[in-house]
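Please read the points below with the structure open beside you, and look for each place as it comes up.

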Amino acid sequence: MTDLIKIAVPNKGSLSEAAAQMLREAGFRQRTDTKDLVLADPANGVEFYYLRPRDIAVYVGEGTLDLGITGRDMLLDSGANAREVMPLGFGRSKFRFAAPANESWDLAKLQGVRIACSYPGLVASHLAEHGVEARLIRLDGAVESAIRLGVADVIADVVETGTTLRRAGLELFGDPLLQSEAVLIERGEAPRAGLELLERRLAGVLVARNYVMLDYNVAEDQLAATTAVAPGLDAPTVSKLAKDGWVAVRAMVERGEAHRTMDALWDAGARAILVSDIAASRL
């Protein structure tokens, strides 16, 4: 029997359920009990290992496991011999520097200062790229309190809305260190057999999430105008209708643009416009 491909999945935290849901949508089994640490899916040739998100890049980089899902921030912070294969479209976040409000800070002023952070590897790499040396103080949480408690002069932390930082009397400065999201990773050497199948399935989920199928009827003399509005991925599918001089058209469009596209199609002469979800895809 062919060896199962070993895939690491976050066992908890913000990435955990989203990763499991994406794998379910891609046709893989997932655990129903959060106490399960390993789940085999022999029908699909894979075996899932549920691990701390921060450890996943290390296991993959050492070759203990073949593939993994983790955050781009955790991958880069780990220094592991692993690389990003594809972004997965969830768990997005930004890393920013912050300092007390009403103080003037920029990247150059970080030379020699104390910076509190939860991702020292990531921050050190960013500073090195800009020729800045600073003292990094690793904290596992509540980084925004470090300045008030006298542990640091500046912090580098995950930012979503910035509300927590403002409550702590801090403000952001400089460009983002990193725009992170969940990513599929593999070891830095030769790709593992079976990666292509997993990558294709996950890409199919992303397409199904980000696109919808749009159907409409239109007179043949107005077809060019409507296909200019919604050309589809390669080209729309066009079929004759029983009504003389009319055709039925089908095209994929971006989910976020669906309503604006429907309005534009109506103005171009389309009628009986319908939008439906895509359950799965292979492109």
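1. In sorting residues by class, Ala, Val, Leu, Ile, Met, Phe, Trp, Tyr, Cys and Pro count as nonpolar, Asp, Glu, Lys and Arg as charged, and the others, Gly among them, as polar. By these classes, the lining of the largest pocket holds 12 polar, 10 charged and 9 nonpolar residues.

2. Please keep in mind that this is a predicted model, in which local features need pLDDT of at least 70 and side-chain atom pairs count only at pLDDT 80 or more, while totals for chains, interfaces and linings use all residues. Residues are numbered from 1 along each chain as its sequence is written, and side-chain values use heavy atoms, with hydrogens and water left out.

3. A pocket is here an open set of points, on a 1 Å grid over the protein atoms alone, where a 1.4 Å probe fits and which has protein on both sides within 12 Å along at least five of seven lines; lining residues have an atom within 4 Å of a point. The largest pocket contains about 730 Å³ of space, a volume being the space filled by probe spheres set on the points, which are joined across faces, edges and corners. Its lining is made of 31 residues, and those nearest the centre are S14, D73, Y119, V158 and E160.

4. Helices (H or I, at least four residues) and strands (E, at least two) are DSSP runs, numbered from the N terminus. Among the elements that each supply at least two residues of the lining of the largest pocket are α2 (53-61), α3 (72-78), β9 (154-159) and α5 (163-167).

5. Which domains does the assignment give for the protein? They are domain 1 (5-91 + 180-208), domain 2 (93-179) and domain 3 (211-277), with bounds that come from an automatic or database domain assignment. Domain 1 and domain 2 each give at least three residues to the lining of the largest pocket, and the C-alpha centres of domain 2 and domain 3 lie 49 Å apart.

6. Buried means under 20% relative accessible area, exposed over 50%, and partly exposed in between (1.4 Å probe, protein chains only). In helix α8 (residues 258-267), the residues A258, T261 and L265 are buried. Seen down the axis of α8, these buried residues fall within an arc of 60 degrees, so they line one face of the helix; the arc is that of the directions from the helix axis to the C-beta atoms. On the other side of α8, H259, R260, D263 and D267 are exposed. The buried residues of α8 pack against β12 (211-219), α7 (223-229), β14 (246-254) and β15 (271-277), where contact means heavy atoms within 4.5 Å.

7. Not counting residues up to four places away in sequence, F173 touches R96, F97, A98, A99, W105, D106, L107, L110 and V154.

8. R92, in the loop between β5 (82-87) and β6, counts as exposed at 59% relative accessibility. Leaving aside neighbours within four places in sequence, R92 is in contact with S180 and E181. Although R92 and E160 are 68 residues apart along the chain, their C-alpha atoms are separated by 8.7 Å.

9. Most residues other than glycine have a negative phi. N102, however, has a positive phi near 70 degrees; N102 lies in the loop between β6 (93-100) and β7 (114-117), and is exposed at 77% relative accessibility. A272, in strand β15, also has a positive phi, near 55 degrees.
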